[in-house]
Amino acid sequence: MIVIDSTSPVPPFEQLRAQLARQIQDHTLAVGTRLPTIRRLAADLGLAANTVGRAYRELEEAGLIETRGAAGSFVSAAGEKGRERARHAAAEYAAVIASVGIDTNEAIRIVQAALTNGTAPSPSS
């Protein structure tokens, strides 16, 4: 179930994108599941079609869904490939952290900062 909070500072397209991505990643939406049409989901959620379209485009760019023309949009198997890429990147990051002597807590803060706003904290953080 998708819930859009109109009082949230997070834009509706991002709320939708994040909720769908989470459902795909936790397998609530299985590979091959057909998603509602943009117009139908927009009507169901009380959103503009462009808002839903933007969320779908970003999910497609991330490899989580694929659009098959008039057949619609479906959960993609590529999402699993993305998860494997993330595991590989994490292993490489862990090796770099160990090689430069950064402690675990600081390494985690660096990742959290990068995920939150795309920047790493300064050493004084």
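Modeller: In this predicted model, helices are DSSP runs of at least four residues, numbered from the N terminus. On that basis, glutamate 14 and arginine 17 lie 3 residues apart in helix α1, which means that about one helical turn separates them.

Biologist: What distance separates the closest N and O atoms of glutamate 14 and arginine 17?

Modeller: Those atoms are 2.6 Å apart, and the pair forms a salt bridge. The cut-off for such a pair is a side-chain nitrogen of Lys or Arg within 4 Å of a carboxyl oxygen of Asp or Glu. By this rule the model has 4 salt bridges.

Biologist: Which residues of α1 are buried, and what do they pack against?

Modeller: They are Phe13, Gln15, Leu16, Gln19, Leu20, Ala21, Gln23 and Ile24. These buried residues pack against α2 (38–45), α3 (49–61), β1 (65–67) and β2 (73–75).

Biologist: How far apart are the end C-alpha atoms of helix α1?

Modeller: At 1.5 Å a residue, the 14 residues of α1 (12–25) should span 20 Å; the end C-alpha atoms are 20 Å apart, in agreement. After α1 comes histidine 27, with a positive phi near 70°.

Biologist: Which residue meets arginine 54 in a salt bridge?

Modeller: Glutamate 58 does, at 3.3 Å from N to O. Arginine 54 is partly exposed at 38%, and glutamate 58 is partly exposed at 25%.

Methods. Residues numbered from 1 in each chain as written. Predicted model: local features only at pLDDT ≥ 70, side-chain atom pairs only at ≥ 80, totals over all residues. Heavy atoms only, no water. Helix = DSSP H or I, 4+ residues; strand = E, 2+ residues; numbered from the N terminus. Expected span 1.5 Å × (residues − 1). Buried < 20%, exposed > 50% of the residue type's maximum accessible area, 1.4 Å probe, protein only. Contact = heavy atoms within 4.5 Å.
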